[in-house]
Amino acid sequence: MITIRVLGRLLSPRSAALGMTFDRQAEALRFVAEPPFDAVFCADGAEASVQWVAPNGGGADAIEFFEDGGARAGIWTPPDEALLCAGELRAELRISVGGSVVWHSQPVTLYVAESVEDERKARLSVPKYREVRLAVAMLPEDAEPLASVAQDGEHIDFSIGIPSKPGRDGDSPRILGSYATHEALLAAHPTAQPGDAYAVGTAGDMTVYVWRADSAGFADIGPLRGPKGDKGDPGEKGDTGETGPQGNKGEKGDPGAAGATGAVGAKGDKGDAGPGLPAGGADGQFIVKDGGANFATRFVTATAASVGAVALVNGKAEPEAASAAIVTVTGSRSLALSDAGCLLQVNASDAATITIPDSAAAAFPVGTEIEVLRYGAGAVTIAASAGVTIQSVGGVKGIGARYQAVCLKQLAPDSWWLAGGLG
């Protein structure tokens, strides 16, 4: 059964009086025009047809309209060509007069749920076997070839009989003589009988050539070798040969096993006291180098002047020792090595530029930090010399407003990071 399911229908305004009835599990469409219907349905020479388009192509089928209780009705059964493949099938009713279309409906969309192709496949029964067996037998030369097939619920057996054919007679070689060269053999025997063989070469290095009927010529079948002889008796012991030359020095051998631990020796005398820490000293003092001689040291009391340490006040570093030095700048200039670790206080009424020189001009150590404060009213911009890179957010290199500051830090030679009050 070919099942057609109607998905929807659309009619043009002119055909508002045209009704359609259908069976959702039927093989045909019924078109019904209820009165009052369009005059074209009763026009002389009016012909009705259904134009259809399927997934595999399209076509047109003529249908007959008939009286049906005062209405005009027509039935269209899709042909196999329209139902060949599953999918959408669109059908449109047309009325023609004199070969010209004078009226048509909007397409009706159908769906082919089970196609002709599916129906044909359903009829095929492909058996499945657990085992397929093949038997081949050789038959006499004059027998006819045989083939048979047998099957049951689980097996299918193929039997084949093939007539045999006799093989070609072999050419057993017969060595009839020998020649020094292949040319000499051919000159003496331009033709021969199948199996005739001759040895070519010199004693201990001879090759066998045999006459082959299929090629009508001598073929090389390999060197001439006799059967392996029996093992001979041992010969008499020869005289001792002369002493050979001295051989090359051999490689160094592996180390030997460790020897036993020796006995402990006698205790030695106490040595003289060596140079060490100076005697004396008081709590809180440090040991410092005292001259160029080895071990020359002395005790000193810790002060900022004596050891170069930071002086402490109440356990904390004094402000001048713990804070960055302030360097006043009144205009544009380049950084100098002495600016490392300092705060540049730019007090300028006009715009000023602080330029970072390259490493060749000022070799700042990696990690150097320099602060720049816009103290005056003039704008302050950080600039880079040729070969120097400044990395900042958005590439901004100006200090945003008066009393704002930025920080410069060298991350790598000629590569500086700029952050802070940029604007």
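Reader: How many aromatic pairs does the structure hold?

Author: The structure, a predicted model, holds five aromatic pairs, where rings of Phe, Tyr and Trp (its six-membered ring) pair if their centres lie within 6.5 Å. Local features need pLDDT of at least 70, side-chain atom pairs count only at pLDDT 80 or more, and totals for chains, interfaces and linings use all residues. Residues are numbered from 1 along each chain as its sequence is written, and side-chain values use heavy atoms, with hydrogens and water left out.

Reader: Why is the pair of Y198 and F218 called edge-to-face?

Author: Planes under 30 degrees apart count as stacked, over 60 as edge-to-face and the rest as tilted. The ring centres of Y198 and F218 are 6.0 Å apart and the planes stand at 75 degrees, so the pair is edge-to-face. Y198 lies in strand β15 (residues 196–202) and F218 in strand β17 (residues 217–223), 20 residues apart, and the pair thus links distant parts of the chain. Strands are DSSP runs of E with at least two residues, numbered from the N terminus.

Reader: What makes the pair of W211 and F218 edge-to-face?

Author: The centres of these two rings, W211 and F218, are 5.0 Å apart and their planes are at 85 degrees, so this pair is edge-to-face. Ring pairs join Y179, Y198, W211 and F218 into a cluster.

Reader: Why does W211 count as buried?

Author: Buried means under 20% relative accessible area, exposed over 50%, and partly exposed in between (1.4 Å probe, protein chains only). W211 has a relative accessible area of 8%, so W211 is buried. F218, at 14% relative accessibility, therefore counts as buried.

Reader: What is the nearest side chain of opposite charge to R374, and how far away is it?

Author: The nearest is D350, 11 Å away. A salt bridge requires a side-chain nitrogen of Lys or Arg within 4 Å of a carboxyl oxygen of Asp or Glu; Lys and Arg count as positive and Asp and Glu as negative, while His and the chain ends are not counted. R374 is buried yet has no salt bridge. The side chain of R374 reaches the backbone oxygen of G378 at 3.2 Å.

Reader: In which strand is R374, and to which strand is that strand joined?

Author: R374 is in strand β26 (residues 369–374). Five bridges join β26 to strand β29 (residues 405–412), and the two run antiparallel; strands pair if DSSP finds at least two bridges between them. I370 stands opposite L408 in β29.

Conventions:
Helix = DSSP H or I, 4+ residues; strand = E, 2+ residues; numbered from the N terminus. Polar contact = N/O pair within 3.5 Å; in protein donor to acceptor, adjacent residues only side chain to side chain.
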